[in-house]
Amino acid sequence: MIKIHNNNEYHGGPQVKNYTFKNGVVSAIDFEDSFDKNFKLEDIQFRDFVLFLFSLTELKKDIDYKEIIDIYMKETKKEGIDKELKSIALKLKFLTKIIENKLFYNLFFDDVINTYKLVKTLQKL
């Protein structure tokens, strides 16, 4: 995705499932190009990155989201992405409080818990 964004392009559907790894090479598949021309490229690229981060929660593994964000910012020279992500995550604080409630925590499936972990990481950026 970094190479795509550095070439002033976007993926459109950058979920992990839309990348392949073969012979040491990562390739992107299933591009989408249906965005209205009124959308700014930087907004579509930000959307790409957010969708990518949230798709990582499906892997059900411990992921260092901060490291991924730091690498993305460094390699794309898109400073401030972390602040934007934090701002969005802080707006979800009421949901994280519900999940943290001991009465409800055990009711949630892994996908909710993994998304919660991502949001908590973003809130701490």
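In which helix does Asp48 lie? Asp48 belongs to helix α2, residues 41-56.

What you see is a predicted model, in which local features need pLDDT of at least 70, side-chain atom pairs count only at pLDDT 80 or more, and totals for chains, interfaces and linings use all residues. Residues are numbered from 1 along each chain as its sequence is written, and side-chain values use heavy atoms, with hydrogens and water left out.

Let me begin with the overall architecture. The protein has 7 helices and 2 strands, and from the N terminus on the order is α-β-β-α-α-α-α-α-α. Here helices (H or I, at least four residues) and strands (E, at least two) are DSSP runs, numbered from the N terminus. Along the principal axes, the C-alpha atoms fill a box of roughly 45 × 35 × 30 Å. Of the 125 residues, 30% are buried. Buried means under 20% relative accessible area, exposed means over 50%, and partly exposed lies in between, with a 1.4 Å probe and protein chains only.

Two further totals concern contacts and surface. Contact means heavy atoms within 4.5 Å. Among contacts between residues at least 6 apart in sequence, 58% join residues at least 24 apart. The exposed surface comes to about 8800 Å², and carbon and sulfur atoms supply 55% of it. These areas come from the Shrake-Rupley method with a 1.4 Å probe; for residues, only the protein chains shown count as cover.

I turn now to charge. There are 21 positive and 20 negative side chains, and the centres of the two sets lie 5 Å apart. Lys and Arg count as positive and Asp and Glu as negative, while His and the chain ends are not counted. The place of a charge is taken as NZ of Lys, CZ of Arg, CG of Asp or CD of Glu.

How many salt bridges are there? The count is 3, where a salt bridge is a side-chain nitrogen of Lys or Arg within 4 Å of a carboxyl oxygen of Asp or Glu.

One of them joins Lys66 and Asp70, with the closest N and O atoms 3.0 Å apart. Both residues sit in helix α3 (residues 65-76), and because they are 4 residues apart, about one helical turn separates them. Lys66 is partly exposed at 41% relative accessibility, and Asp70 is partly exposed at 33%.

Another pairs Lys83 with Asp82, at 3.6 Å from N to O. Lys83 is exposed, at 58% relative accessible area, whereas Asp82 is buried, at 15%.

There is also a bridge between Glu100 and Lys120, at 3.0 Å from N to O. Glu100 lies in helix α5 and Lys120 in helix α7, so this pair ties together parts that are 20 residues apart in sequence. Glu100 is partly exposed, at 30% relative accessibility.

That brings us back to Asp48. Asp48 is buried yet has no salt bridge; Arg47, the nearest side chain of opposite charge, is 4.5 Å away. What does Asp48 contact, leaving aside its neighbours within four places in sequence? The contacts are Met1, His5, Tyr10, His11, Gly12, Gly13 and Pro14.

Next, the surface. Phe94, Leu95, Ile98, Leu103, Phe104 and Leu107 form a nonpolar patch with about 630 Å² of accessible area together. Patches are made of residues with over 30% relative accessible area and no salt bridge; like charges are joined within 9 Å, and nonpolar side chains (Val, Leu, Ile, Met, Phe, Trp, Tyr) within 5 Å. Helices α5 (93-100) and α6 (102-105) each supply at least two residues of this patch, and α5 gives the most, with 3. Leu107 is in the loop between α6 and α7 (110-123) and is exposed, at 60% relative accessible area.

Finally, some loop positions. Lys61, in the loop between α2 and α3, has its C-alpha atom 8.3 Å from that of Asn114, 53 residues away along the chain.

Most residues other than glycine have a negative phi. Asp30, in the loop between β2 (25-28) and α2, has a positive phi near 55 degrees. Lys77, in the loop between α3 and α4 (81-90), has a positive phi of about 60 degrees. Asp30 is partly exposed at 49% relative accessibility, and Lys77 is exposed at 68%.
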